[in-house]
Amino acid sequence: MDNTSTLHLALPAVHTVASATAPVTTLAQPRAFSTSVNPLVFFSILDHYLRRNADQDRVIGTLLGVRSEDGAEVEIKGCYPVPHLESQDQVEVDMEYHRTMFDLHKQVNPKEVIVGWYATGADLNSYSALIHDFYQKEVSSFPAVHLTMDTALTNERLGVKTYISAPVGITSKADNCMFIPIPCDVKYFKAERAGLELLANNKKTENESTTLLSDMDNLEHAVIEVQNMLERVSEYVDSVLAGTVPANNTVGRYLMDTVSVVPKIDAGEFEKMFNSHLQDLLMVIYLANMTRTQLAVAKRLEKLL
């Protein structure tokens with residue numbers, strides 16, 4: 001790693017996230033802050049961790065996304081790895097690589113900016129505050145977000161957490177800070193939901209592959225899921241009416257609003273519409289299979305000629 005483009009951070013005297021070298025007098029109260037993460041970010045972090053060097057315990061990288069006008073809401077849309085080395089005495093972060101990657105990313109997604117950084121591992125170690133101070137300078141006046149992912153799968157969970165920092169003590173030092181957890185939600189598009197559900201429902205071994213469901217299988221799965229939700233709601237309503245479950249006004253209003261927007265359709269008319277949609281779906285599947293067969297035949301004929 002080139003020393004001219006590498007940030008060298010010496011190990012602080014205190015091996016905790018919040019330094020105790022100065023008396024704790026003030027603790028800044030952060031504004032209401034929340035984050036949302038695109039699922040592709042998790043896969044990118046896992047891929048970076050799997051490709052790490054054998055002597056690396058964890059990997060770090062830059063988080064990219066967009067902020068609300070007041071900066072209180074952050075949507076993390078992407079990330080890229082940043083080379084770094086950790087030893088007992090210091091940590092080295094390749095700043096030149098980080099900034100080159102960001103310049104290249106801006107050419108593709110000019111609206112996305114640096115919002116923070118990620119690190120693998122469930123715990124915050126001695127260098128987290130120092131690296132966070134570097135990224136805090138990169139995001140200007142907005143709070144930098146620190147995302148951690150437990151790649152050890154403790155309790156069979158990734159354990160994704162997000163933090164922002166708040167200064168502690170009188171003196172302003174990089175290691176005089178405390179990491180405060182903030183809410184984190186997973187935000188995905190409808191097109192990504194099918195892939196996420198497929199990964200969640202099909203737990204294969206390392207050497208097995210997972211195939212996508214057909215359109216008919218997806219339709220059957222959606223119908224069964226809707227039926228199960230209706231049964232669960234019906235059981236809840238019956239339990240409330242019977243007095244075995246206390247009534248919840250919030251749930252009641254939500255169910256009333258949901259039912260009020262459902263159009264009143266005759267059962268026969270609904271069955272006719274459903275069968276028409278099913279026939280259209282079968283026609284698309286038939287045409288797709290025919291096209292696939294014609295392409296296979298043309299490929300074989302091309303080899304013969």
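1. In this predicted model, strands β3 (residues 60-67) and β4 pair in the antiparallel sense, with eight bridges between them. Within this pairing, V66 stands opposite E75 of β4. The two strands form a hairpin with five residues between them, and G71 in the turn has a positive phi of about 80°.

2. Strand β4 (residues 73-82) is also joined to strand β2 (residues 34-37), in this case by four bridges and in the parallel sense. S34 stands opposite E73 in β4.

3. Helix α1 comprises residues 39-50; at 1.5 Å a residue its 12 residues should span 16 Å, and the end C-alpha atoms, 17 Å apart, agree with this. The N-terminal end of α1 is capped by N38, a side-chain oxygen of which lies 2.9 Å from the backbone nitrogen of L40.

4. The buried residues of α1 include P39, V41, F42, I45, H48 and Y49. R52 lies over the face of Y49, at 3.9 Å from the ring centre.

5. The count of aromatic pairs comes to three. W117 and Y135 form a stacked pair, 6.0 Å centre to centre with 10° between the planes. Because W117 lies in strand β7 (residues 113-120) and Y135 in helix α3 (residues 128-138), this pair ties together parts that are 18 residues apart in sequence.

6. The ring centres of F134 and Y135 are 5.1 Å apart and the planes stand at 75°, so this pair is edge-to-face. W117, F134 and Y135 form one aromatic cluster. W117 is buried; F134 is buried with a relative accessible area of 6%, and Y135 is buried with a value of 0%.

How values were computed
Residues numbered from 1 in each chain as written. Predicted model: local features only at pLDDT ≥ 70, side-chain atom pairs only at ≥ 80, totals over all residues. Heavy atoms only, no water. Expected span 1.5 Å × (residues − 1). Buried < 20%, exposed > 50% of the residue type's maximum accessible area, 1.4 Å probe, protein only. Polar contact = N/O pair within 3.5 Å; in protein donor to acceptor, adjacent residues only side chain to side chain. Pairing = 2+ DSSP bridges. Phe/Tyr/Trp six-rings, centres within 6.5 Å; stacked < 30°, edge-to-face > 60°. Lys NZ or Arg CZ within 6 Å of the ring centre and 35° of its normal.
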